[in-house]
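This briefing goes through one protein chain, topic by topic. Please keep the sequence and the structure open while reading.

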Amino acid sequence: MATKRMKKVKSIWASAVVLAGALGITAVSAEEFRNTITGEDLKVPETAAPEGRDTEAVKKFLESGINLYTEVKACLPKGEEIYLTSCSGCHGHVGEGKVGPGLNDAYWTYPKNTTDKGLFETIYGGAQGMMGPHNDLPLDEILKVIAWIRHLYTGDVAEAAWLTEEQKKTFAPYKAPEHTSEGGESTQTAAAPADAGECKVSAN
């Protein structure tokens, strides 16, 4: 009887694995991601967009909460592009803040956002006010946006908890190039490094 039951359990488990593979759910999360406001399980990656979940960066992030795109120059242009489309309307072109809070200094509305895992949870699950969830963005794109937000940091490098000790040695606080508008006013816009090559990272 016990043997039959074990065979049935194994059969069900094998079917679940096959189904997960067929659905493309190959990234498994070792980290637990929770809603910034409610604390509820965000159920990542089950609820994530189907594309962009099998990159090395996403796999590493789901296992450890570490964003491999941080300060990888070749990955910043895509992060900037997504940020300008999805985030700048509320947070400003260089993270200076508008309707939403600033993202480029050492003050965080939610202290957990000093970690990439915390910032991911706030972006993915949403927060208070007008900050709705952005779980429609592929996981890989969210990581690139986070890398761009970190690149815009203007504060004390010592307080940049998301940087490794090696990265802190070379990181320079962001200074946006100034442009003059038609009315003669000075405006700031961000610009990712040009011709930085192909965005590649390794989880090893």
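Glu 71 sits in the loop between α2 and α3. In this predicted model, Glu 71 has a positive phi of about 60° although it is not a glycine. Glu 71 counts as buried because its relative accessible area is 18%, and the cut-off for buried is under 20%.

**Backbone features**

- Most residues other than glycine have a negative phi, and most peptide bonds are trans.
- Lys 43 is another non-glycine residue with a positive phi, of about 55°.
- Lys 43 is placed in the loop between α1 and α2.
- Pro 45 also lies in the loop between α1 (2–22) and α2.
- The peptide bond between Val 44 and Pro 45 is cis, with omega about 5°.

**Chain overview**

- The protein chain contains 7 helices and 2 strands.
- Along the sequence these elements follow the pattern α-α-α-α-α-α-α-β-β.
- The protein chain has 204 residues, of which 38% count as buried.
- Of the contacts between residues at least 6 apart in sequence, 60% join residues at least 24 apart.

**Nonpolar core**

- The largest nonpolar core has 40 residues.
- Val 44, Phe 120, Tyr 124, Leu 139, Leu 143 and Ile 149 are the residues with the most contacts inside this core.
- Two or more residues of the core come from each of α2 (56–64), α3 (76–86), α5 (116–125) and α6.
- With 8 residues, α6 gives the most to this core.
- Ile 149 is in contact with Tyr 83, Leu 103, Trp 108, Leu 119 and Ile 123, leaving aside its neighbours within four places in sequence.

**Packing of α2 and α6**

- Two packed helices are described by the angle between their axes and the distance between the axes.
- For α2 and α6 the angle is about 80° and the axes are 9 Å apart.
- α2 and α6 are therefore roughly perpendicular to each other, since angles of 65 to 115 degrees fall in that class.
- On the α2 side the contact is made by Ala 57, Val 58, Phe 61 and Leu 62, and on the α6 side by Leu 139, Asp 140 and Leu 143.
- By type, the residues of the contact of α2 with α6 are 6 nonpolar, no polar and 1 charged.

**Helix α5**

- α5 is mostly covered, with 9 of its 10 residues buried.
- The buried residues of α5 include Asp 116, Glu 121, Thr 122 and Gly 125.
- These buried residues pack against α2 and α6.
- Thr 122 lies in α5 and is buried, with a relative accessible area of 5%.
- Apart from neighbours within four places in sequence, Thr 122 is in contact with Thr 36, Tyr 110, Lys 112, Asn 113, Ala 127 and Met 131.
- Gly 125, also in α5, is buried, with a relative accessible area of 15%.
- Gly 125 is in contact with Asn 35, Leu 42 and Pro 133, leaving aside neighbours within four places in sequence.
- Gly 125 and Ile 37 are 88 residues apart in sequence, and their C-alpha atoms are 8.7 Å apart.

**Arg 150 in α6**

- Arg 150 is in helix α6 (residues 139–151).
- Is Arg 150 buried or exposed? Arg 150 counts as buried because its relative accessibility is 1%, and buried means under 20%.
- The side chains of Arg 150 and Asp 116 are joined by a polar contact of 2.8 Å.
- Not counting residues up to four places away in sequence, Arg 150 touches Trp 108, Asn 113, Thr 114, Thr 115, Asp 116, Leu 119, Trp 162 and Phe 171.

**Gly 197 after β2**

- Gly 197 is found in the segment after β2 (186–188).
- Gly 197 counts as exposed because its relative accessibility is 57%, and the cut-off for exposed is over 50%.
- Gly 197 and Lys 73 are 124 residues apart in sequence but 8.3 Å apart in space, C-alpha to C-alpha.

How values were computed: Residues are numbered from 1 along each chain as its sequence is written. This is a predicted model: local features need pLDDT of at least 70, side-chain atom pairs count only at pLDDT 80 or more; totals for chains, interfaces and linings use all residues. Side-chain values use heavy atoms; hydrogens and water are left out. Helices (H or I, at least four residues) and strands (E, at least two) are DSSP runs, numbered from the N terminus. Buried means under 20% relative accessible area, exposed over 50%, partly exposed in between (1.4 Å probe, protein chains only). A polar contact is a pair of N or O atoms within 3.5 Å; within protein, one must be able to donate a hydrogen and the other to accept it, and residues adjacent in sequence count only if both atoms are side-chain atoms. Contact means heavy atoms within 4.5 Å. A nonpolar core is a set of buried Ala, Val, Leu, Ile, Met, Phe, Trp, Tyr and Cys residues joined through side-chain atoms within 4.5 Å. Axes are lines fitted to C-alpha atoms, for helices over the stretch in contact, and angles run from 0 to 180 degrees between N-to-C directions. Angles under 35 degrees count as roughly parallel, over 145 as roughly antiparallel, 65 to 115 as roughly perpendicular and the rest as oblique. Ala, Val, Leu, Ile, Met, Phe, Trp, Tyr, Cys and Pro count as nonpolar, Asp, Glu, Lys and Arg as charged, and the others, Gly among them, as polar.
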